[in-house]
Amino acid sequence: MSNFGFGASDDDPDKKKDPDGSGNPAGFGFGAEGFDPAQLGQMLTQFGQMLSGMGASGGTGSGPVNYDLAKQLARQQMGDFSPVSAGEREAITDAAHLAELWLDGATTLPAGATKTVAWTPVDWLDNTIDTWKRLCDPVAEQISGMWTSGLPAEAQQMAGPMMGMLTQMGGMAFGSQLGQALGQLSKEVLTSTDIGLPLGPSGTAALLPSAISSFSEGLEQPEREVLVFLAAREAAHQRLYGHIPWLRQRVLATVEEYARGIKMDFSAIEEAAAGLDPSALTDPSKIEAILQQGAFEPQTTPEQKHALERLETLLALVEGWVETVVAAALGDRLPGAVALGETIRRRRASGGPAEQTFATLVGLELRPRKVREAADLWRQLLAAADIDGRDGVWAHPDLLPDSSDLDNPAAFIDRVVGGGTSSFDDPIAQLEAMEAKERAEAADKAAGTDDKAADDKGTDDGPEKGSSTA
């Protein structure tokens with residue numbers, strides 16, 4: 001699977017060293033002994049020809065991703081669909097109301113949604129595109145900047161306005177792949193938080209009745225029970241993201257950190273530029289096929305690995321918490337809740353919408369491998385403490401368990417509960433105590449420095465006083 005045009009790399013080392021057979025390994029016609037302005041002109045002419053058909057293929061757009069093109073292609077992918085009926089809206093409203101009532105007893109976090117709505121695939125696209133921009137722009141900007149920064153300084157100066165054309169071409173390529181992915185995803189997602197992220201507007205819970213109806217086919221549970229279960233999951237996500245103010249920003253910042261670590265193989269870019277047929281861009285649907293050829297290959301860095309681990313852990317904690325809270329709220333009230341929970345877990349773990357979307361759009365091969373471990377940790381913490389203690393861990397990011405804690409939850413729970421005692425220490429009070437201790441240690445250190453300085457001064461003054469007395 002490609003991610004933002006990243007496909008399988010070419011394993012032929014000779015081809016990488018000399019992609020076009022010209023004896024020039026540097027790419028784009030720039031050799032180790034400088035660059036040939038004539039070759040630069042040829043390259044820019046080629047890109048100019050490639051861009052000549054952009055007006056007929058969905059507009060030029062602006063920025064690192066052509067979102068106009070993305071939305072156009074996404075809607076083509078959706079095909080025909082039925083509008084939401086009045087009965088479907090009423091059923092979703094009733095399911096959400098019931099779910100919220102049951103969740104009140106399973107978590108200390110109050111309702112996070114001020115309204116619950118029914119979306120069509122187009123509604124989902126229109127209401128989530130702003131969040132997709134925040135997720136995709138950092139990656140696209142990083143890669144777009146590498147295309148131009150990889151050129152020698154003299155080449156960049158000579159290129160001038162043509163660099164803007166390169167950026168537009170990249171924005172069109174990203175927009176094409178984004179549109180293909182969002183169009184497919186819009187027909188699969190069940191709720192606005194189905195991939196674990198708060199994609200929609202703040203305070204708005206949303207369910208997609210058409211996708212839910214398709215999802216319910218083949219399940220043993222009645223569709224009404226499935227609807228209540230999914231409404232509870234959506235409401236639980238909304239409570240968490242609505243009342244943990246740092247959570248949304250932390251997730252997006254981790255994606256941006258991942259993007260900053262992206263490195264590119266410029267020989268692959270040279271090979272792609274040499275092999276593209278300019279006429280292909282007259283049909284935007286062909287851009288996806290071009291990207292699938294493995295034109296660009298990202299180089300994984302240690303920084304990316306660390307960012308990916310943090311993001312996977314954070315989303316696993318979100319998913320595990322939601323799973324635990326929904327199970328507690330519905331377990332005794334909805335006969336099929338346990339089976340539905342396992343179905344959702346398998347859907348996520350087997351490469352469903354979450355993994356595919358992150359892999360394609362953000363470049364992250366995201367598979368929530370530790371959701372089960374995260375859910376076990378939240379359940380054990382609830383058993384060792386109470387609902388206030390479990391939910392209080394979300395008060396500050398420093399209080400959350402990390403990846404190693406998911407593998408060894410007992411140690412984390414001992415730290416939180418206080419060495420296995422039955423009384424739970426308030427996480428906020430624990431954090432404040434830690435900060436107070438650090439301030440006290442800093443103050444003691446400063447006071448010790450002042451005392452030492454005073455003693456030193458007293459020692460220096462002593463002989464003079466003694467001499468005067470004598």
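Visitor: Which residues do ring pairs link into a cluster?

Guide: In this predicted model, Trp246, Trp378 and Trp394 are joined into a cluster by ring pairs. The structure holds three aromatic pairs.

Visitor: How is a pair of aromatic rings described?

Guide: Two values describe such a pair, namely the distance of the centres and the angle of the planes. Here, tryptophan 378 and tryptophan 394 lie 5.5 Å centre to centre, with 25 degrees between the planes. This pair counts as stacked because planes under 30 degrees apart are given that description.

Visitor: Where in the chain do tryptophan 378 and tryptophan 394 lie?

Guide: Tryptophan 378 belongs to helix α16 (residues 371–384), whereas tryptophan 394 is in the loop between α17 (387–392) and α18 (403–407). The two are 16 residues apart, and the pair links distant parts of the chain.

Visitor: Is tryptophan 378 buried or exposed? And what of tryptophan 394?

Guide: Tryptophan 378 has 0% relative accessibility and therefore counts as buried. Tryptophan 394 is likewise buried, its relative accessible area being 0%.

Visitor: Which residues touch the most other members of the largest nonpolar core?

Guide: The general idea is that nonpolar side chains tend to be buried together in soluble globular proteins. In this structure the largest nonpolar core has 89 residues, and those touching the most other members are Trp124, Leu230, Leu247, Trp321, Leu330, Trp378 and Trp394. Helix α13 (residues 302–330) supplies the largest share of this core, twelve residues. As for leucine 330, its contacts beyond four places in sequence are Trp102, Val228, Phe229, Ala232 and Ala337.

Visitor: At what angle do helix α9 and helix α14 pack?

Guide: Helix α9 (residues 223–243) packs against helix α14 (residues 337–349) at an angle of about 60 degrees, and their axes are 11 Å apart. The crossing is right-handed. On the α9 side, Glu225, Val226, Phe229, Leu230 and Arg233 take part, meeting Ala337, Leu340, Gly341 and Ile344 of α14.

Visitor: Why does arginine 233 count as buried?

Guide: Arginine 233, found in helix α9, counts as buried because its relative accessibility is 8%, and the cut-off for buried is under 20%. Apart from neighbours within four places in sequence, arginine 233 contacts Glu319, Val322, Val326 and Ile344.

Visitor: Which residue lies over the face of tyrosine 67?

Guide: That residue is lysine 133, placed at 5.2 Å from the ring centre.

Technical notes
Residues numbered from 1 in each chain as written. Predicted model: local features only at pLDDT ≥ 70, side-chain atom pairs only at ≥ 80, totals over all residues. Heavy atoms only, no water. Core = buried A, V, L, I, M, F, W, Y, C linked by side-chain atoms within 4.5 Å. Buried < 20%, exposed > 50% of the residue type's maximum accessible area, 1.4 Å probe, protein only. Helix = DSSP H or I, 4+ residues; strand = E, 2+ residues; numbered from the N terminus. Contact = heavy atoms within 4.5 Å. Phe/Tyr/Trp six-rings, centres within 6.5 Å; stacked < 30°, edge-to-face > 60°. Lys NZ or Arg CZ within 6 Å of the ring centre and 35° of its normal. Axes fitted to C-alpha atoms, helices over the stretch in contact; angles between N-to-C directions. Left-handed = near helix turned anticlockwise from the far one by under 90°.
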